[in-house]
Amino acid sequence: MLVGGGAPLSPAEECQGFQLMRYDPDGVLDPTLDGDGIARTLISVSCPELFGLALLPDGRILATGSGATEATFADLTAVRYMPDGSLDPTFNGDGKVFVDMGCTAMDVSYAIAEQIDGDVMVVGLSDCGVFPN
C-alpha cells in the first residue's frame with residue numbers, strides 16, 4: 001500500500017514537503033522505500049498539499065498537488081520518484097515540476113497519470129478569482 005500527503009520534513013519545520021509511505025502486505029513499513037519506508041521531499045516554502053498518487057508499472061511513483069517555490073500562491077506540482085523513493089532525475093532534471101497557470105491565486109492538481117507514450121497528464125484547477133456577473 002502506498003500513502004502520501006503534505007508533511008513537515010523535521011519536527012522543527014511546519015510543513016514543507018511531500019511524504020510517501022509504503023507498506024508491505026503485513027502492514028509494516030517497506031524499507032525498500034528510502035531505507036525506512038518513508039520518503040520525504042522538500043517541495044515549497046509554504047504548506048504543500050498532495051492530492052494524487054499513481055504507481056507506474058516499472059515501480060516509479062507519481063505524486064501531485066500544490067506547492068510554492070517562493071513566497072507566492074501555490075503552483076500545480078508534480079513529482080516523480082524512483083522505486084526506491086529517490087527523485088527521478090529524468091523528470092525535469094530534478095524530479096519536480098511546478099506550473100503557474102497564470103493567475104495570482106492557487107493552482108492545484110488532484111489526479112496524475114502516465115500516458116502510454118510516457119507523457120505525464122495532470123488534472124486540477126486554477127483559482128483565478130474571475131467570475132461572470
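**Entry 1: a leucine to start from**

I looked up leucine 125 and found this residue partly exposed, with a relative accessible area of 41%. For my own bookkeeping, buried means under 20% relative accessible area, exposed means over 50%, and partly exposed lies in between, with a 1.4 Å probe and protein chains only. I keep in mind that this is a predicted model, where local features need pLDDT of at least 70, side-chain atom pairs count only at pLDDT 80 or more, and totals for chains, interfaces and linings use all residues. Residues are numbered from 1 along each chain as its sequence is written, and side-chain values use heavy atoms, with hydrogens and water left out.

Leucine 125 belongs to strand β9, residues 120-126. I noted the strand rule here: helices (H or I, at least four residues) and strands (E, at least two) are DSSP runs, numbered from the N terminus.

Which residues make a nonpolar surface patch with Leu125? I found Phe51 and Tyr110, and the patch comes to about 280 Å². Patches take residues with over 30% relative accessible area and no salt bridge; like charges are joined within 9 Å, and nonpolar side chains (Val, Leu, Ile, Met, Phe, Trp, Tyr) within 5 Å. A salt bridge here is a side-chain nitrogen of Lys or Arg within 4 Å of a carboxyl oxygen of Asp or Glu.

**Entry 2**

I followed β9 back to strand β8 (residues 107-114), and the two pair in the antiparallel sense over 7 bridges. Pairing is called when DSSP finds at least two bridges between two strands. I picked out alanine 113, whose bridge partner in β9 is methionine 121. β8 and β9 form a hairpin with 5 residues between them, and glycine 118 in the turn has a positive phi of about 95°.

**Entry 2: the whole chain**

I stepped back to count elements: the protein chain has 0 helices and 9 strands. Buried residues make up 38% of its 133 residues. The chain exposes about 7300 Å², with carbon and sulfur atoms supplying 58% of it; accessible areas come from the Shrake-Rupley method with a 1.4 Å probe, and for residues only the protein chains shown count as cover. I also checked contacts, meaning heavy atoms within 4.5 Å. Among those between residues at least 6 apart in sequence, 41% join residues at least 24 apart.

**Entry 3: the three-stranded sheet**

I found an open sheet of 3 strands in the order β1-β2-β3, with antiparallel pairing. β1 and β3 are its edge strands, each pairing on one side only. The twist averages 15° from one strand to the next, using axes that are lines fitted to C-alpha atoms (for helices over the stretch in contact) and angles from 0 to 180 degrees between N-to-C directions.

Strand β1 (residues 2-7) joins β2 over 6 bridges, and leucine 2 has arginine 22 as its bridge partner in β2. On the other pairing, β2 and strand β3 (residues 38-42) share 5 bridges, with glutamine 19 partnered by arginine 40 in β3.

**Entry 4: the four-stranded sheet**

I then traced an open sheet of 4 strands, ordered β4-β5-β6-β7, with antiparallel pairing. β4 (49-55) and β7 (96-99) stand at the edges with a single partner strand each, so one side of each is left without a neighbour in the sheet. Neighbouring strands of this sheet are turned by 15° against each other on average, direction ignored. Strand β6 (residues 75-81) is joined to β7 by 4 bridges, and I noted threonine 77, with phenylalanine 98 as its bridge partner in β7.

**Entry 5: two positive phi values in loops**

I looked for residues other than glycine with positive phi. One of them is aspartate 34, at about 60°, in the loop between β2 and β3. Aspartate 34 is partly exposed, with a relative accessible area of 45%. Asparagine 92 has a positive phi near 65° and is found in the loop between β6 and β7. Is asparagine 92 buried or exposed? I found asparagine 92 exposed, at a relative accessible area of 55%.
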